[in-house]
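Hi,

Here is the structure I promised to send over. Have a look at it first, and then read on for what turned up in it.

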10 protein chains.
Amino acid sequence: MLFAVTMEVHLPPDLDPGFRADLLAREKAYSHEWQRAGKWPHIWRRSGQFANLSILDVDSHEELQDILWNLPLFPYMQIEVTPLSQHPSDIALS
Amino acid sequence: MLFAVTMEVHLPPDLDPGFRADLLAREKAYSHEWQRAGKWPHIWRRSGQFANLSILDVDSHEELQDILWNLPLFPYMQIEVTPLSQHPSDIALS
Amino acid sequence: MLFAVTMEVHLPPDLDPGFRADLLAREKAYSHEWQRAGKWPHIWRRSGQFANLSILDVDSHEELQDILWNLPLFPYMQIEVTPLSQHPSDIALS
Amino acid sequence: MLFAVTMEVHLPPDLDPGFRADLLAREKAYSHEWQRAGKWPHIWRRSGQFANLSILDVDSHEELQDILWNLPLFPYMQIEVTPLSQHPSDIALS
Amino acid sequence: MLFAVTMEVHLPPDLDPGFRADLLAREKAYSHEWQRAGKWPHIWRRSGQFANLSILDVDSHEELQDILWNLPLFPYMQIEVTPLSQHPSDIALS
Amino acid sequence: MLFAVTMEVHLPPDLDPGFRADLLAREKAYSHEWQRAGKWPHIWRRSGQFANLSILDVDSHEELQDILWNLPLFPYMQIEVTPLSQHPSDIALS
Amino acid sequence: MLFAVTMEVHLPPDLDPGFRADLLAREKAYSHEWQRAGKWPHIWRRSGQFANLSILDVDSHEELQDILWNLPLFPYMQIEVTPLSQHPSDIALS
Amino acid sequence: MLFAVTMEVHLPPDLDPGFRADLLAREKAYSHEWQRAGKWPHIWRRSGQFANLSILDVDSHEELQDILWNLPLFPYMQIEVTPLSQHPSDIALS
Amino acid sequence: MLFAVTMEVHLPPDLDPGFRADLLAREKAYSHEWQRAGKWPHIWRRSGQFANLSILDVDSHEELQDILWNLPLFPYMQIEVTPLSQHPSDIALS
Amino acid sequence: MLFAVTMEVHLPPDLDPGFRADLLAREKAYSHEWQRAGKWPHIWRRSGQFANLSILDVDSHEELQDILWNLPLFPYMQIEVTPLSQHPSDIALS
């Protein structure tokens, strides 16, 4: 089942540069893992903002919770979750 | 270039049923046309709401404006537009 | 899978009383049907407001959309949907 | 009497890990105690957020205040409280 | 138990004057009835607005719902409800 | 003249316990003083929140400002002020 | 005592022109009356909006309520009221 | 002096087509007049919305008010006004 | 030309008392200077809040920016600016 | 393609003065560079606020992202982005 997930990142400007670089590297590796597993089919940058719009494709709300809760950046994020379903105007339906 | 577009529809409850059915049929046909042209690669229902989240892939802001302005439901919609760019964590980049 | 759904109802004060009574009767019957099917395990009035807080237990986002879209009061409602998952502090887990 | 209570948790990302682990352990134990007493019949995770939706069943507003004020996480929480009453569409009434 | 209730009234400016006068007269009589019963101990005008701040003292959430739902102005009101409890700084406690 | 005053308190979770206890003791004593003087006829806890709803009865806006500005918790408070007047439905008027 | 009062006017675009002209003429005459009485010392247009910022100087909250409630445009207005007091930086104090 | 002005247009969907066409034609002619006079140096469509972002260059707040108040679409607009001044990073200053 | 300016002050509660006293003294002296120059004709305390409502009378947006930017409290302020013009109901016009 | 970009700056009041001066100098130099390249045709101060309204003219969303992300003040900014297109009332079109 599909969810639109918006993640805004709020890192303190004075974060230690090494810690910050490591954090972002772990975030990227973590995201890659779930993208390769087919659970995170889309990730886009919201241009001009430290934020992304993602589409997640999970088997349950528990799996959604598990993926998001373990994001390395989770403690710095404000997250919004919207359940999606197939739209009647989708050409895949005709 | 990609845009996330959220469209919320506010139809008056007492709209003439025939007019309403025609309006929705024209909306679907119009959306199909742009989906087939590759300009509207994704459309999802926000579950439980008369609203959708769409991804548009256009050549210019004028084309974006042209597609949205001519939606049959445009006069009944509240629309939000967010420019998207490739995310550095996208596996397509690695 | 569980969703918290908040439904606020905005009926025009000058709605025809017969139409209004019929609408509310159909809403109640429709809700009863899904409650009996086990898909709508909880419905509470938000005290002092024409609104309810409901818990829905559905098999998919499409089923959620189907149940809410067909509510007789849907055209008069403002709806918010929140996906729920099991909480680690739930005693059912210990 | 029933209340819907939404609790959002805002822990500083640089909280001492031991303090944090102890805080969460005490929060769970405290919640278990009230769940066992029948005062806290439901607790759900809002998927993807450090937040829960709970239903409390208390004898008075003072008891509600007492339970929430003494939550170990209270100083880190933003709390919303909504009084609930029986809904006329509840099948328990028919 | 005590509730703070804020009631904002939104009457259409072109409401029939006779209907409006009757509505306000019935609202006043209804409020008087509950004030005399001791259930509505305070009602204040928010100066400069068609709105009041009231304190209700009820036995249950169902009674609160019953009183507010049957207000003659209810269909024209936006209502907010806040549960109150005794404050530790109240001199009645010392 | 009457004012409804809502005071939300935001104390840092890591405030020194002794300082905090002293602050709250001074706040209570200060509030008692004005309650005894008849200037602060009501104070209620908003259940489940570190906040109160108070009614102040002052002679001037300068007196209102003086009472609130000197609250020991003032630097930690977010305050909203609403002027109240007698409501035409108040039974004291009939 | 002084109040800052913001009045936003929302007239239906299809209001009868004669009714509208009469309404605005009565509003102006009514405002003139209170300005001459010294109760309405300032009225400014918020540039580019159908709205004003006014300063009222009244003897009580009841007088404030009386002046605003009887504005010919009151049924079309959204009003905000802020109590003002002398500022310690006012040179009138030095 | 410069102002950023955002104008959102809310036309009723059932407006008479002839009236609507005339209204938009008069709006365009009116805007052209002020653009030619050098008072309205920029007007951009906010893509995907019935709204524009304009820059106005006027001699006084009264002139700003006069230009906006007489817009044919004014009764259907929600307008926000922001005063602008030269930015210290503007290369025109170096 | 006139502007309504609202200034809310957010000083950290643990600011050094000497620094705070000096800051407020410099703010008062700075405000006095502009009041004497006729550029700051009104300043009122918003009762019960660390905030003021001011009227500024300046020659240009650059002068407005210069006055506000150099306020000693500017780094601690949240400021809103509203351009004002003469109101057609102002008796000074009749 | 054009974007309106609003940048609000939130610098901690206790930032080291030398660091702050260097940061602002780098911001100005960076902005100059893009203005000279024709990518940043307009930058205006929002009078009375530590904020600007800018117009950017970029070739892609990636370029927009690149310019904004590398602003020296980016970690201290809240940014809003609005895509612009040619307005049908623009005299350049007639």
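Two chains are in contact when heavy atoms of one lie within 4.5 Å of heavy atoms of the other. Please keep in mind that this is a predicted model. Chain B and chain D do not touch either: 16 Å separates their nearest C-alpha atoms.

Now for the chains that do meet. I started with chain A and chain B, where 27 residues from chain A and 27 residues from chain B make up the contact. Together the two chains bury about 2,600 Å², with 61% of that on carbon and sulfur atoms. On the side of chain A, W44(A), R45(A) and H87(A) contribute 23% of the buried area, more than any other three residues. What holds polar atoms together here? The rule picks out 15 residue pairs in polar contact across this interface, while the count of salt bridges is zero. Sorted by class, the side of chain A facing chain B has ten nonpolar, twelve polar and five charged residues. There is strand pairing too: β4(A) runs antiparallel to β2 (residues 42-46) of chain B over three bridges, and S85(A) stands opposite R45(B).

Chain B also meets chain C, with eight residues from chain B and eleven residues from chain C taking part. That pair buries about 740 Å², 60% of it on carbon and sulfur atoms. Two residue pairs are in polar contact between chain B and chain C, and the salt bridge count is zero.

Eight strands close into a barrel with antiparallel pairing, in the order β1(C)-β3(C)-β2(C)-β4(D)-β1(D)-β3(D)-β2(D)-β4(C). From one strand to the next, the twist averages 35°. Within chain C, β1 (residues 2-9) and β4 (residues 77-86) pair over eight bridges, and one of the details is that M7(C) has I79(C) as its bridge partner.

Helix α2 (residues 61-69) of chain D lies across β1, β3 and β4 of chain D, at about 20° to β1(D). Helix α2 (residues 61-69) of chain E lies across β2 of chain C together with β1 and β4 of chain D, at about 75° to β4(D).

Best wishes

Definitions and conventions
Residues numbered from 1 in each chain as written. Chains lettered and ligands numbered in written order. Predicted model: local features only at pLDDT ≥ 70, side-chain atom pairs only at ≥ 80, totals over all residues. Heavy atoms only, no water. Pairing = 2+ DSSP bridges. Helix = DSSP H or I, 4+ residues; strand = E, 2+ residues; numbered from the N terminus. Axes fitted to C-alpha atoms, helices over the stretch in contact; angles between N-to-C directions. Buried area = accessible area lost by both parts, 1.4 Å probe. Salt bridge = Lys/Arg side-chain N within 4 Å of Asp/Glu carboxyl O. Polar contact = N/O pair within 3.5 Å; in protein donor to acceptor, adjacent residues only side chain to side chain. Nonpolar A, V, L, I, M, F, W, Y, C, P; charged D, E, K, R; others polar.
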